Structures are given as structure tokens and as C-alpha cells.
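The following questions and answers examine how some structural terms apply to one model. Please view the structure before reading on.

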Amino acid sequence: MLPIRVEELRKIVEENKDLVVKIGNRYEISRPLALKLWNVLVSMLTEEGGSVKEEVRVEYASPEMVIVSVACTVRVKEREVRYCEIGEAYKHEGKGDTLARTAYTRAMKRLLERMVGEDFINQVILKLYPEGVKEVPATEKQKKLIRTLVQEGKITKEMVDEVLKGETTLNQALKENTLTFSQAKKLIDMALGRWVS
């Protein structure tokens, strides 16, 4: 376990409610809040004699969508751990000129939560805006990409079972529009080798 004081990070989100923004029908942290959390987390690790190396890459970019990955290698004492998360942003969300920044912020949020080991950011946002953290259906672009990945054999039955928990089939979820955005994202990440459980 990394020497991270989760309550301190949680308090930063609570105290910076004005840096939580609404995108579509969801509330998300803004880039300034992600950077503030990241700086505090890095400080916590360096206080313990650790070091953090961050890498950012654009994995995919088009006028409609950008996918950014953020990876970091953390060294604390004799231990080295590597984390990687991705974030995506879509033009239809109304973020036309800032797709890369939005994708980066989402990747950073996921990375922070992964390093901490819990979705503390979503928990705080849910407390601040109980109506704002709702699951939304998969986008048409996600569904189209999933169909392509299935045809290419990159999405396996095991992946589908892990994501959908055996509650429905992928075909049924796509047809009935019950596949959620996060389920679609996880399937795509797994198929493209970006998911580490």
C-alpha cells in the first residue's frame, strides 16, 4: 500500500467544490482540481522518500474524440509500482476545443483513484451533488467500436462475462441500449490492452 493519506485528498475535493464542473449530465473534477490533487499526492510520496515519474500520451485523436493515457511509476523505498489509466473526451459533450485537456483530466482522475485504491473522488462528488453521478448509456461511437472489436475477435466471451457479470449478453445489451458508458469503456480498454485488473 502506498503512503497516501486519503482523507487529506478527500478534503481537498470537498473544499474545492467550485472546481467540480458539470459536463453533460455528470459532475467531474476540473483540470485545476486534478492538478492540485496530483501535486498533493506526489508531495505525500516524496515526503516518504519516494519518487514519481509521470508519462502522458495521446492514444487516439480525431475531430470527434481524443483518448489520452497517463502512466506513472512510483518508487518508495525498495518498492516500485507502475499505474496506467486512460481518459476519453467526445466532441458531442460540448468540449470541442478542449478534448485533449478533458481526456487528460479524466485519465488523471482515474489514475489518482487507482493509486489510492478507491473511488474517493466520485464518493465526494456524490455527496456534494447527489443527483450528478448517474450512469449513462454507452455512446453510439462506443457501441460501433465494440461491434468492430467483436468482429476482429478482440472482445472475448470472458471479457463480456467479467464486465456484464453474466446478467445479459453483449448483443442484448447493445440492442436494448442497457450497456452503460463505463461498461463500454471497460470492454474497449480490455480489448485494446489498456485494462489492468
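Q: In which hand does H6 pass H8?
A: In this predicted model, H6 passes H8 in a right-handed crossing. The term applies because a crossing counts as right-handed if the near helix is turned clockwise from the far one by less than a right angle.

Q: What makes H6 roughly antiparallel to H8?
A: Helix H6 (residues 157-164) and helix H8 (residues 181-191) pack at an angle of about 150°, and their axes are 10 Å apart. Angles over 145 degrees count as roughly antiparallel, so H6 is roughly antiparallel to H8.

Q: Which residues meet in the contact of H6 with H8, and how do they divide into nonpolar, polar and charged?
A: From H6, Met159, Val160, Glu162, Val163 and Leu164 meet Gln183, Lys186, Leu187, Met190 and Ala191 of H8. The residues of this contact comprise seven nonpolar, one polar and two charged.

Q: Why do E3 and E5 stand at the edges of the sheet?
A: The open sheet has three strands in the order E3-E4-E5, with antiparallel pairing. Strand E3 (51-61) and strand E5 (79-90) each have a single partner strand, so one side of each has no neighbour in the sheet.

Q: How many bridges join E3 to E4?
A: Ten bridges join E3 to strand E4 (residues 65-76), and the two run antiparallel. Two strands pair if there are at least two bridges between them, so E3 and E4 count as paired. As one example, Glu54 has Cys72 in E4 as its bridge partner.

Q: Which helix lies across E3, E4 and E5?
A: Helix H3 (residues 99-116) lies across these strands and runs at about 145° to E5.

How values were computed: Residues are numbered from 1 along each chain as its sequence is written. This is a predicted model: local features need pLDDT of at least 70, side-chain atom pairs count only at pLDDT 80 or more; totals for chains, interfaces and linings use all residues. Side-chain values use heavy atoms; hydrogens and water are left out. Axes are lines fitted to C-alpha atoms, for helices over the stretch in contact, and angles run from 0 to 180 degrees between N-to-C directions. Helices (H or I, at least four residues) and strands (E, at least two) are DSSP runs, numbered from the N terminus. Angles under 35 degrees count as roughly parallel, over 145 as roughly antiparallel, 65 to 115 as roughly perpendicular and the rest as oblique. Contact means heavy atoms within 4.5 Å. Ala, Val, Leu, Ile, Met, Phe, Trp, Tyr, Cys and Pro count as nonpolar, Asp, Glu, Lys and Arg as charged, and the others, Gly among them, as polar.
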